[in-house]
Protein chains: 2
Amino acid sequence: MPSLTFRTVLVEPLYSGNIGSTARVMKNFGFSELVLLNPCEIDRNARIMSVHAYDVIENAMIATTLEGAVEGSNLIIGMTGLPGKTENEHKRMPALSPRKLREKLHRKSGVISLLFGREDDGLTNEELELCDMVVYIPTSPDYTSMNLSHAVAVVLYELSDIEGGETFLARHFDIELLYEHIGEVLADIDYKEHKENKTKMMVQRILGRAELTTREVYTLRGILRRIQMKVGKASGSPH
Amino acid sequence: MPSLTFRTVLVEPLYSGNIGSTARVMKNFGFSELVLLNPCEIDRNARIMSVHAYDVIENAMIATTLEGAVEGSNLIIGMTGLPGKTENEHKRMPALSPRKLREKLHRKSGVISLLFGREDDGLTNEELELCDMVVYIPTSPDYTSMNLSHAVAVVLYELSDIEGGETFLARHFDIELLYEHIGEVLADIDYKEHKENKTKMMVQRILGRAELTTREVYTLRGILRRIQMKVGKASGSPH
């Protein structure tokens, strides 16, 4: 049965009240899967702010590593308050708007993890590197820092009436193997080392945006293997 | 200079923290005009939740009547948690989604008042009657009641990048006169009294959805005057 499942992941939330507010707006928009990665103490503020959605918190998964939090995902989407200032910052660029994300997921099938960062510092660069796509809520340059649960509200509002479909997304784990494979090939072809990481990240962002299917991932890896074979062969001959 | 101006009106908000959260998300999305109609005491929770947007609260207008709060508006939009169960409830029906509202206001020009109701009871029927359009945020039937500032966040998110244009909306005051005029004509034509209020409300909702321009309002009133003249004449002759 094809369908889209969304997992809301709060990465190291600092304020218990925000966990409650997040639970409430999740339930408002029909979402129930909450993962809390190393959260603050969940005190009575969470209960007060969740109002009639405390069940979402009771059923939440508590994770201690990001890998555990996103386990089994097909796509990992990171929310950022910084859209990436230059084209060169491939970790953060290019960020999609929530509206665009909705369009990209139209008629897809899979588990989508939505990562929301810390109230003060957002997601770290390492956390963003793990993401297949980055989403940015377009805010006024006068005041870009949104309340955590407001950011969740806006993203879930956009995704609440999305239509799943027949296009099965590849698993993030398979895509990670593809990325590693690309790194290997860049090394095999002696791509200049100081550029390698940036280039790998750029390719990762391009493929992340492409919502790859499992079949596409296998095909791409077949091409990479072919390149590796040829490079291995080519190294022994002038051509 | 044609443009759209939005006024966020909180109708009798009960919690100071929500006023602060509303100010924050207004500033996040580039809005500054806040009107508080008979608000609760604005205490330190407002300051805490507004973070870097306390200036929005400092510059807010405090109103004591709804008429004062929406003065000078071209369109008054009421937010409701109840989309109207039957076609017969013309006060609440048909409600637009925020996305649809955005489409309707595209390339319009005027002052738009966005009315958000009390945390517990929303807007009264009398307040909704004053509105030209009603907006409903589509929520899950399991839990329809949203946090006030979440509702503001979703609506302002949709409207944040709207493009104003050359179509000047009629003033709400002129539209009110048109509605009164329609009421007169319904009386003049001896429209069955038990239906009159419902019908007047239905016509009001239809015209509210139509985003009338000043010229259109004048033309419609000309038609109504013509009807009144003919009815007046007709009463003295067989035809």
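**Salt bridges, a helix and a symmetry**

Tutor: In this predicted model, the side chains of Glu103(B) and Lys100(B) meet in a salt bridge, at 3.5 Å from N to O. Residues are numbered from 1 along each chain as its sequence is written, and chains are lettered from A in the order in which they are written. Local features need pLDDT of at least 70, side-chain atom pairs count only at pLDDT 80 or more, and side-chain values use heavy atoms, with hydrogens and water left out.

Student: Why is the contact of Glu103(B) and Lys100(B) called a salt bridge?

Tutor: The term requires a side-chain nitrogen of Lys or Arg within 4 Å of a carboxyl oxygen of Asp or Glu. The N to O distance for Glu103(B) and Lys100(B) is 3.5 Å, so the pair qualifies.

Student: Where do Glu103(B) and Lys100(B) lie?

Tutor: Both belong to helix H5 (residues 98-105) of chain B, 3 residues apart, about one turn of the helix. An α-helix has 3.6 residues a turn, so residues three or four places apart point the same way.

Student: What makes Glu103(B) partly exposed?

Tutor: Buried means under 20% relative accessible area, exposed over 50%, and partly exposed in between (1.4 Å probe, protein chains only). Glu103(B) has 47% and Lys100(B) has 41%, so both are partly exposed.

Student: What do Arg102(B) and Asp161(B) form?

Tutor: Their side chains meet in a salt bridge of 2.5 Å, N to O. Arg102(B) lies in helix H5 of chain B and Asp161(B) in the loop between helix H7 (148-159) and strand E7 (167-168), so the pair ties together parts 59 residues apart in sequence. Salt bridges that share partners join residues of both chains into one network, including Arg99(A), Glu158(A), Arg102(B) and Asp161(B).

Student: What makes the relation of chain B to chain A that of a two-fold axis?

Tutor: With copies superposed by least squares on the C-alpha atoms of residues with pLDDT of at least 70 in both, a rotation of 180 degrees with 0.0 Å of shift along its axis places chain B on chain A (RMSD 0.0 Å). That is the relation of a two-fold axis.

Key: Helices (H or I, at least four residues) and strands (E, at least two) are DSSP runs, numbered from the N terminus.
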